[in-house]
Amino acid sequence: MTKLLVTGAAGQLGRAVLNHLLETSKVSAGDIVAASRDTSKLADLASKGVETRKADFTDENGLAAAFAGIDRVLIISTDDLATPGGRLKQHKAAVAAAVKAGVKHILYTSMPNPDKSLVSFAPDHLGTEEAIKATGIPYTILRNAWYGDNYLMSMPHNLETGTWYTAYGAGKVSNISRDDCARAAAAALANPPTGSNILTLTGSESLTAEEIAALVSKASGKPLNIVHVTDEQLAGGLTSAGLPDFLVRMLVSADANIRAGNFDLVTTDYETLTGIKPQDLSAYLDSQKNALLGAH
């Protein structure tokens, strides 16, 4: 019996991975461990026969106890983006705990090209990848492209005003849905590729801001015009909208990364893992019409 553990099990990606382990990969609930800071949020999973364990990324010894008896662990990157260096410290604690616990295979959710990425949190991913490689334990690093889901945070407001202020420039981005990343992670956790591998999960096409805006407009039935701005103008607009500094830095750096071409890549790694093609952005946005229109 191979024991599989998913960290961040109460989060959006973690929950989706667990769902795909059970429903898509058909892994027995008894072989799955769901780990979270707050196990009370995992009661529904426990009712299905999934074991739940407390895992706090600020407590390395506690993590080692949570990972005890686990064969493969999926370390889902944490959401601590506000504390400088905090996220990488947490990730390194999880990697060290996996070593202490004798885990046989480490899987990790990273991002494309963290070594040259301009995104503010790229150093967290690069540092974590390096820590994993240094363990000598076989690994599968899943570099998730920019989620199509991210558009749901900004597009409802953009559609209300009819304008999308972007610093993409002429850059292109290949989006993939969070759920597709979860399906791929579940497939890799259930049946990891032999040895150590770095896989980049992308959509099947790279698109410009104008092409994305056309898809958003089609899905919502509302017009959306593009206005290209500088990084400084974008930061000013986001700050005046009341966003916290760390989030402004992240969003501006993501646009800069797209403009630099660092998100313009298409691979077949998703299809290799899952046996199917990723959902394209047009179909994803069509399925999210209510969210785009701000319906609750």
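**Figure 1. K26 in the loop between helix 1 and strand 2.** K26 sits in the loop that runs between helix 1 and strand 2 (32-36). The model shown here and in the other views is predicted. The phi angle of K26 is near 55°. That is a positive value, and K26 is a residue other than glycine. Is K26 buried or exposed? Its relative accessibility is 63%, so K26 counts as exposed.

**Figure 2. N113 in the loop between strand 5 and helix 5.** N113 is placed between strand 5 (105-110) and helix 5 (122-135), in the loop. N113 is not a glycine, yet its phi is positive, at about 45°.

**Figure 3. Helix 1 against helix 7.** Helix 1 covers residues 12-23. Helix 1 and helix 7 pack with their axes 8 Å apart, at an angle of about 55°. Helix 1 is therefore oblique to helix 7. The crossing of helix 1 past helix 7 is right-handed. Which residues of helix 1 make the contact? They are Q12, L13, A16, V17, H20 and L21. Helix 7 contributes R178, D179, C181, A182, R183, A185, A186, L189 and A190. By class, the residues of this contact between helix 1 and helix 7 are ten nonpolar, two polar and three charged.

Figure 4. Are the two partners buried or exposed? R178 has a relative accessible area of 18%, which is under 20%, so R178 is buried. D149 is buried too, with a relative accessible area of 14%.

**Figure 5. N158 in helix 6.** N158 is part of helix 6. N158 counts as buried, at 9% relative accessibility. What does N158 touch, not counting residues up to four places away in sequence? Its contacts on that basis are T163, W164 and L224.

**Figure 6. The K100–E60 salt bridge.** Side chains of opposite charge can pair when their charged atoms come close. K100 and E60 form a salt bridge, with 3.0 Å between the closest N and O atoms. Why does this pair tie together separate parts of the chain? K100 lies in helix 4 (residues 86-101) and E60 in helix 3 (residues 60-66), so the parts joined are 40 residues apart in sequence. E60 is partly exposed, and its relative accessible area is 29%.

**Figure 7. Helix 4 alongside helix 5.** The axes of helix 4 and helix 5 cross at roughly 15° and come within 9 Å. The angle is under 35 degrees, so helix 4 is roughly parallel to helix 5. Their crossing is right-handed. On the helix 4 side, the contact residues are R87, L88, H91, K92, V95 and V99. These meet P123, D124, H125, G127, T128, A131, I132 and T135 in helix 5. The contact of helix 4 with helix 5 holds six nonpolar, five polar and three charged residues.

**Figure 8. Helix 9 against helix 10.** Helix 9 spans residues 231-240, and helix 10 spans residues 245-259. The two pack at an angle of about 150°. Their axes are 9 Å apart. The angle is over 145 degrees, so helix 9 is roughly antiparallel to helix 10. Helix 9 makes a right-handed crossing with helix 10. Where do the two helices meet? In helix 9, the residues are D231, L234, A235, L238 and T239. In helix 10, they are V248, L251, V252, D255, A256 and R259. Sorted by class, the contact of helix 9 with helix 10 has seven nonpolar residues, one polar and three charged.

Figure 9. The side chains of K277 and E271 form a salt bridge, at 3.2 Å from N to O. K277 is exposed, with a relative accessible area of 58%. E271 counts as partly exposed, at 31% relative accessibility. Elsewhere, K3, E51 and R53 belong to one network, joined by salt bridges that share partners. How many salt bridges does a search of the whole structure find? The search finds eleven.

Notes. Residues numbered from 1 in each chain as written. Predicted model: local features only at pLDDT ≥ 70, side-chain atom pairs only at ≥ 80, totals over all residues. Heavy atoms only, no water. Salt bridge = Lys/Arg side-chain N within 4 Å of Asp/Glu carboxyl O. Helix = DSSP H or I, 4+ residues; strand = E, 2+ residues; numbered from the N terminus. Buried < 20%, exposed > 50% of the residue type's maximum accessible area, 1.4 Å probe, protein only. Axes fitted to C-alpha atoms, helices over the stretch in contact; angles between N-to-C directions. Parallel < 35°, antiparallel > 145°, perpendicular 65-115°, else oblique. Left-handed = near helix turned anticlockwise from the far one by under 90°. Contact = heavy atoms within 4.5 Å. Nonpolar A, V, L, I, M, F, W, Y, C, P; charged D, E, K, R; others polar.
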